[in-house]
Amino acid sequence: MNLFLALLQRVNSRVILKITLLVIIEIGLICGSFYTLTYYQSQGTSIGNLINAAGKNRYLTSNSLLQTEKFLDGSSNMLRLKTASDILGTNIQALTYGGTISGINIRSLPSDFSSYLSNVKRDFSAYKALIDDKVIGQSHVTLDTPEIGMVLKQDLEASASNLIHSSDILVTALGLYADNNSQNLIILQIFLAVLNIGILVLILYLVTRILMPISVLTQATREIKKGNFSYHVEHKSEDELGELTESFNSMIISIRSYIEEQSRLTHELRMANEEILQRERMKDEFINIAAHEMRTPVQPILGLSELLKSMRTENKAVVTKEDEMLDMIISNAKRLLLIEENILNVARIENKLLKLNKEQCDLLEIVSNVIQDAKNQIGKNKVEVRYKPSELRTISVYADRAKLTQVVFNLLNNAIKFTKGGSITVDLEMDDKQAIVSIKDTGVGIDPRVEPNLFSKYITNSSSGTGLGLFISKTIIEAHGGKITAFNNIDGKGATFRFSLPLVDIGISQNVERTI
Amino acid sequence: MAQVKKRRILIVDDEEDVGKTFKMILENYGFDVDCFTDPIMALKQFKPNLYDLTILDIKMPYPNGFKLYNQLKLIDSNIKTLFITALSSVESYNTENYKVYPLRGQRHYVKKPVSKNDLLRQVYSMLVGQEYEDDLLE
């Protein structure tokens, strides 16, 4: 028992303790019921045995009387007579003190029956005394006297009859008692059955109550899984399920507040992001409008300067200072447009709006035009441009003419800017699959610090320039399915920029507008 | 220049100086040019077979270049039109006004500002149906 208690103390769970306690109560109840029923049953059995023993008195008395009479008639001997009376005596003895008769254990008669028993004993004493004094104690001669024998027989019969009678009364009393007892036993059985079932139901109810929070918590987790964080589990108990419920509830509260905090932060972020996007849109719109508005006045400047120039050269063969001035106006107007175009293109690339209007165009012509337009810049920087594409008549590519022009312009302009007094070699090559344009200069070369991000936005290695040209060029060339690279020349003088364009475009049959 | 027959061109652009510039350039190369800043006025005097080519600005107060084109097309179904837009992306017109006038696949537009040579190249190619050659103009 101590060991059991020690074991219980070591089990650090109130739920297990509670359930164990209930199980112990139930086991105790069942054992108690079993014991009670067994006891009552054994009680019934021993009463039965007593009835049996008491009932035997009648037969034994009759037998003793018969033996006595036979003895008196001379047809039996003394031993049989004595034996018969002794067996009767032993039987009564057993009824009084308990004992074993014919292998059956007999308890002493309960005290309730002592008055009946004393009657039996009294009658037996009388009967025994009669036999001992009048039969065994007398000589054979006396007994042979018929008169005496007759009287003695009558006395003996009367005494035996008394004994039988009192024994029968005892048997009847015992029978009544046994009957009563068995009725009580039935009632007790019913009572115990009901009690057991009741307690069992009660225990089941208590176990359910103890374990109820588990199903409630399971339901709660289901709700939480669905996103219902306002769930609250109502349960209070001193055991760990109560503790579990409590921590579960506080867990929900923490999760809820965490989620609320998160959604608040998300909202704030979204608002901040929205604001940034709004500003971004406004900036883009501003750039767009500014750039477009600037284009319109450039049209007359450019168009009229060009017209004026051609009108002058038509009439004269000599190039004058005024012609040079016109060239400068034209060249700068074009530069202005291209710089503007660069800014617009960055805005388009960032908004994923850059589209290609592809058409069949001559790369040779594009490059030639750009070099032609850059003459003013070339002269100003005292750069020598070597360009001899004589062996090629045309390089037909399927591309966006304006954007390709821009790429060549950007690369050439960069080369001119960083090559004062040197030379620039523009080369065009062509094989089955692609056309390659390379622009090699003898300028300052690419700053190694800038090189890794050369084609990124706003990267420039001079104080002037937007740093957008190479970024745009790369985007445009890649959108055409080509490649652009840059490296410092092996001889250590200047850098080479080159780009390739595929000659065959899958979308050649139709005007494919690609969104970059 | 001598090879090219004298042709008549209608220019409609709400920016007076821009229209005038085009007019001056084209006149210098032997074209007969009428120039309007008001699309309604241009429409009023428009007659079938009067012009070989119209050059229309797309972005105008009312009606815009596309709508004007539709009107002109009703009067002269054979009229050739070159669109000019200050908006750098004609594509934006494509998406917005696709149903009014699908420019997709249509190559007859130039971006403003357009250089003299580009303008002439377009005009020649549309009128003569052949590529313009630079040395003609020099």
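This is a predicted model: local features need pLDDT of at least 70, side-chain atom pairs count only at pLDDT 80 or more; totals for chains, interfaces and linings use all residues.
## Briefing: chains A and B

In chain B, pLDDT (the predictor's confidence in each residue, from 0 to 100) stays under 50 over residues 89–105. The model still has 21 contacts for that stretch beyond four places in sequence, a contact being two residues whose C-beta atoms, placed from the backbone, lie within 7 Å. Residues 130–138 of chain B also have pLDDT below 50, with 11 contacts beyond near neighbours in sequence.

Residues are numbered from 1 along each chain as its sequence is written, while chains are lettered from A and ligands numbered from 1 in the order in which they are written.

**Confidence**
- The model scores ipTM 0.74 and pTM 0.46.
- Chain B has a mean pLDDT of 75, with 73% of its residues at 70 or more.

**Chain A**
- You'll find 12 helices and nine strands here, taken as DSSP runs numbered from the N terminus (helices H or I, at least four residues; strands E, at least two).
- Of its 516 residues, 25% are buried, meaning 20 or more other C-beta atoms within 10 Å of a residue's own, against 12 or fewer for exposed and in between for partly exposed, with C-beta atoms placed from the backbone.

**Helix α3 of chain B (residues 65–75)**
- Its buried residues are B:G65, B:F66, B:L68, B:Y69 and B:L72.
- They sit on the same side of α3(B) because they cover an arc of only 155° around the axis, using directions from the helix axis to the C-beta atoms.
- B:N70 and B:L74, on the other side, are exposed.
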